[in-house]
Amino acid sequence: MKSKTRPLGPKLRQEKIAEAVRRHGRVSVEQLAARFKTSHETIRRDLSALAETGSVQKFHGGAKLPRRQEEGPFRERMALNAVAKRVVAEKAAGLIAPGDTIFIDTGSTTLMCAEEIAKIGGLTVITNSTRIAAVMSERGNRTVIFLLGGRFDGDNQETVGPTAISEIQSFHADHALITIGALDAAAGATDFNFDEAQVARAMMENADNLIVVADASKFQNRAAFTVCPLERIGALVSDRTPPGELEAALAAAEVSVH
C-alpha cells in the first residue's frame with residue numbers, strides 16, 4: 001500500500017512560504033496553493049499571519065519581500081554606509097596581488113574596492129560595470145580590462161543577462177570579488193536583484209577564490225535571490241566582526257574573515 005503524504009502544519013507551511021518569498025521575491029496565492037496542496041483561503045490566512053510579523057508584504061493575489069528589504073537607486077546606495085564601505089575596500093585590496101586576474105561585479109562597495117585595487121599594477125579585470133571599468137582604466141598601471149556585454153541597466157551602469165553570463169564563461173580568474181545584498185547563517189549570501197545574483201554566481205564558478213565584500217549592515221539579513229552558501233566563500237571582508245551566530249557559521253564553513 002502507498003503511504004499518504006501528511007499535510008504540513010500551519011507553522012511549518014508558513015516557514016516554507018516565507019522561504020519561497022525570500023528566494024523568488026514574490027509569489028502568488030495560486031502558486032502557493034498548488035505547491036502546498038491546500039485552499040486559497042488557507043494560503044491567504046498564512047500570508048496574513050506572515051505579514052503581521054513583517055516576514056512578507058501582502059498584495060492582491062500574493063506576497064512579496066517587505067519594503068525594508070528592497071534596495072534603492074545606485075546613488076543612494078553609494079552614500080549609505082560610505083565610511084564602512086571605504087574600510088572594506090581598503091581591506092579587500094590587500095587580498096589582491098600584482099598580476100592577478102579578477103572578476104568584479106557591480107555594486108557600490110565593489111566600486112569603492114575598484115578605486116583601491118586600481119592602485120595595484122598589472123592586473124586583468126573582468127567586470128560588468130561600466131563605472132568600475134572606467135575607474136580601473138583611469139589609473140593605468142598596465143591593467144587590462146574586459147567589459148562584459150549584455151543587456152544594459154542604466155541605473156546601475158551594468159550589463160546583465162544571458163550574453164553577460166556566456167562571456168563570463170570565457171574567462172578563468174584568480175578571484176571573484178563580489179558584493180551581496182545580505183548575509184545570513186542559514187541562507188548564506190543572497191541578493192535583491194535576480195540578474196545580479198546570476199552574474200555573481202557565474203563569476204564565482206569561473207574563479208579559484210571567492211571574495212565577498214559586505215559592510216556590517218548586511219549581516220543577519222536575507223534577500224530574495226541565492227548567491228551561494230557560506231561554504232563557497234573563500235574570504236569575507238567587512239568593517240566589523242560578524243555577530244555570534246553568523247560568526248560561528250562562518251568559522252564552521254572555514255571562511256577567512258577580514
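**Figure 1. The whole chain and its surface.** The chain exposes about 12,600 Å², with carbon and sulfur atoms supplying 49% of that area (accessible areas come from the Shrake-Rupley method with a 1.4 Å probe, and for residues only the protein chains shown count as cover). Keep in mind that this is a predicted model, where local features need pLDDT of at least 70, side-chain atom pairs count only at pLDDT 80 or more, and totals for chains, interfaces and linings use all residues. Residues are numbered from 1 along each chain as its sequence is written, and side-chain values use heavy atoms, leaving out hydrogens and water. You'll find 10 helices and 15 strands in the chain (DSSP runs numbered from the N terminus: helices are H or I with at least four residues, strands are E with at least two). Buried residues make up 48% of the 258 residues (buried means under 20% relative accessible area, exposed over 50%, partly exposed in between, with a 1.4 Å probe and protein chains only).

**Figure 2. Helix H3 and what covers it.** Helix H3 runs over residues 40-52. Which residues of H3 are buried? They are Thr42, Ile43, Asp46, Leu47 and Leu50. Looking down the axis of H3, these buried residues fall within an arc of 135°, so they line one face of the helix (the arc is that of the directions from the helix axis to the C-beta atoms). Here's the background: an α-helix has 3.6 residues a turn, so residues three or four places apart point the same way. The cover over the buried residues of H3 includes helices H1 (10-24) and H2 (29-36), plus strands S2 (57-59) and S3 (62-64).

**Figure 3. Helix H9 and its start.** H9 has 12 residues and reaches 17 Å from its first C-alpha to its last, close to the 16 Å expected at 1.5 Å a residue. Its buried residues include Val199, Met203 and Met204. At the start of H9, a side-chain oxygen of Asn193 comes within 2.9 Å of the backbone nitrogen of Asp195.

Figure 4. Glu196 sits in helix H9 (residues 194-205). Is Glu196 buried or exposed? Glu196 is buried, with a relative accessible area of 9%. Setting aside neighbours within four places in sequence, Glu196 is in contact with Asn156, Glu158 and Asp191 (contact means heavy atoms within 4.5 Å).

Note on methods. Expected span 1.5 Å × (residues − 1). Polar contact = N/O pair within 3.5 Å; in protein donor to acceptor, adjacent residues only side chain to side chain.
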